[in-house]
Amino acid sequence: MSLLTVDDLDVAIGGTPILRSVSFALEPGEALGIVGESGSGKSMTARAIARLLPRGAVATGKITFDGTELLAAGTADMRRVRDGGISLVFQDPRAAINPVRSIGDFLAEGLRTNRKIGKAEARRRAVQVLEEVRISRAEARLAAYPHQLSGGLLQRVMIAAALLSEPRLILADEPTTALDVTTQAEIMAILEELRRERGLASIFITHDLELAAATCDRIAVMYAGELVEVQAAETLLERPHHPYTAALLAARPGMTERVPRLPAIPGRPLAAGDPIEGCRFAPRCPLVIDRCRSEHPALAPCEQSLSRCWRAADVKVPEAGAEQLDHA
Ligand SMILES: Nc1ncnc2c1ncn2[C@@H]1O[C@H](COP(=O)(O)OP(=O)(O)O)[C@@H](O)[C@H]1O
Ligand SMILES: [Mg+2]
């Protein structure tokens with residue numbers, strides 16, 4: 001049985017659609033990457049799963065985690081899911097931690113309120129999880145305050161905090177976006193190691209398709225509130241089956257590329273709320289035909305992929321960097 005099943009999830013805020021019929025499943029221990037441009041609905045998908053949608057958001061459909069139906073779950077059920085089920089890691093660790101509490105208090109607090117364990121035991125567990133995310137001198141760090149730690153170190157503390165409840169799924173929403181490239185690699189390595197050692201499943205949200213493909217088993221590509229392609233990471237880079245995935249791949253900097261990444265997909269991304277008949281990518285799509293403008297495609301199998309495209313079989317492998325070199 002899948003650990004997590006998202007089935008026909010719709011989210012609207014004030015009547016404006018934000019997510020449109022999002023469906024996917026996650027197996028125990030599996031790493032799924034969710035990628036897409038800013039505003040495509042990645043964070044809203046994570047928030048719907050964690051039941052942390054903004055006030056006024058209405059979610060319909062079905063989200064099942066380990067046998068519990070989350071959208072219908074009461075307070076007690078959700079408490080159980082948060083304590084030992086699903087943990088979250090966000091983009092900006094400084095925004096998620098109280099600046100006037102020490103790291104030790106921060107870690108112990110979560111443990112003691114959820115599990116009613118003693119002070120000494122809480123401290124022991126805090127040191128243990130800090131060591132698990134490779135923080136040296138863990139014991140001494142408990143007395144440190146957030147401002148005394150670098151962004152990368154603080155993000156490791158957040159991952160350690162996420163581990164305290166011994167979750168089966170980690171939802172990480174752009175956990176490395178605010179960090180420099182070296183620190184990003186360290187954080188990704190830690191998440192990967194935890195996944196291997198603890199058999200943790202993970203959902204890694206990023207706008208960086210290459211990073212996701214390098215670190216996840218499977219990739220789900222989002223565009224304007226919808227999933228447009230889902231495929232194994234291994235084959236996605238070689239054989240994308242949606243023109244949007246191909247465009248994201250073409251936007252990669254080439255091997256000899258020195259200029260910063262440029263927006264390489266022509267046109268403005270559609271908002272999930274924009275009403276449109278037919279395919280939501282059609283206004284920007286190089287493969288567009290008449291049918292795309294009138295008939296909305298379903299997410300359907302094409303070779304080893306699931307693609308929401310009438311021309312899925314015609315999508316060509318892009319050459320990395322080609323687009324930018326023209327502009328450079
Ligand atoms: N609190 C909110 N109220 C209304 N709309 C929102 C709110 N937060 C995000 N949105 C809208 O929801 C859409 C999806 O946002 P989000 O999931 O945050 O995108 P992503 O994480 O992919 O960048 C965007 O169009 C955004 O403008
Ligand atoms: Mg986001």
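**Entry 1. The start of α8.** I looked at the N-terminal end of α8 and found it capped by aspartate 180, with a side-chain oxygen 3.1 Å from the backbone nitrogen of threonine 182. I took a polar contact as a pair of N or O atoms within 3.5 Å, where within protein one must be able to donate a hydrogen and the other to accept it, and residues adjacent in sequence count only if both atoms are side-chain atoms. The model is predicted, so I note that local features need pLDDT of at least 70 and side-chain atom pairs pLDDT 80 or more, while totals for chains, interfaces and linings use all residues. Residues are numbered from 1 along each chain as its sequence is written, chains are lettered from A and ligands numbered from 1 in the order in which they are written, and side-chain values use heavy atoms, with hydrogens and water left out. Helices (H or I, at least four residues) and strands (E, at least two) are DSSP runs, numbered from the N terminus.

**Entry 2. Length and faces of α8.** I compared the span of α8 (residues 181–198) with expectation: at 1.5 Å a residue its 18 residues should span 26 Å, and the end C-alpha atoms are 26 Å apart, which agrees. The expected span is 1.5 Å times one less than the number of residues. I then listed the buried residues of α8: Thr183, Gln184, Ile187, Met188, Ile190, Leu191, Leu194 and Arg195. They cover an arc of only 155 degrees around the axis, which puts them on the same side of α8. The arc is taken from the directions from the helix axis to the C-beta atoms. Val181, Thr182, Arg196 and Glu197 are exposed, on the face turned away from the buried side. I used under 20% relative accessible area for buried, over 50% for exposed, and partly exposed in between (1.4 Å probe, protein chains only).

The cover over the buried residues of α8 includes β3 (31–35), α5 (119–132), α7 (151–163), β8 (201–206) and α9 (209–215). Contact here means heavy atoms within 4.5 Å. Just after α8, I noted a positive phi of about 65 degrees at glycine 199.

**Entry 3. Residues of α7.** Arginine 156 lies in α7. Is arginine 156 buried or exposed? At 13% relative accessibility, arginine 156 counts as buried. Leaving out residues up to four places away in sequence, arginine 156 touches Val133, Arg134, Ile135, Glu186, Ile187 and Ile190.

Leucine 154 is also placed in α7, and at 0% relative accessibility leucine 154 counts as buried. Beyond four places in sequence, leucine 154 is in contact with Pro93, Arg94, Ile97, Ile103, Pro146 and Leu149.

**Entry 4. Nonpolar cores.** I defined a nonpolar core as a set of buried Ala, Val, Leu, Ile, Met, Phe, Trp, Tyr and Cys residues joined through side-chain atoms within 4.5 Å. The largest has 62 residues, of which Ile103, Leu107, Leu130, Val133, Val157, Ile219 and Tyr244 touch the most other members. Helix α7 gives the most to this core, with eight residues. Valine 157 touches Ile103, Phe106, Leu107, Leu130, Ile135 and Leu149, again not counting residues up to four places away. A second, separate core has 32 residues, including Leu32, Ile49, Leu169 and Ile205.

I also checked α11 (residues 243–250), where eight of eight residues are buried. Among them are Pro243, Tyr244 and Thr245.

**Entry 5. The open sheet.** I traced an open sheet of four strands in the order β2-β1-β4-β5, with antiparallel pairing. The strands β2 (16–26) and β5 (68–69) stand at the edges with a single partner strand each, so one side of each is left without a neighbour in the sheet. Two strands pair if DSSP finds at least two bridges between them.

How many bridges join β1 and β2? I found seven, in the antiparallel sense. Valine 11 has leucine 19 in β2 as its bridge partner. The two strands, β1 and β2, form a hairpin with two residues between them, and glycine 14 in the turn has a positive phi of about 55 degrees.

Entry 6. Aspartate 8 has a positive phi of about 55 degrees although it is not a glycine. Aspartate 8 is in β1 (residues 4–13) and, at 37% relative accessibility, counts as partly exposed. Alanine 224, another residue other than glycine, has a positive phi near 50 degrees. Alanine 224 lies in the loop between β9 (218–223) and β10 (226–232) and counts as buried at 2% relative accessibility.
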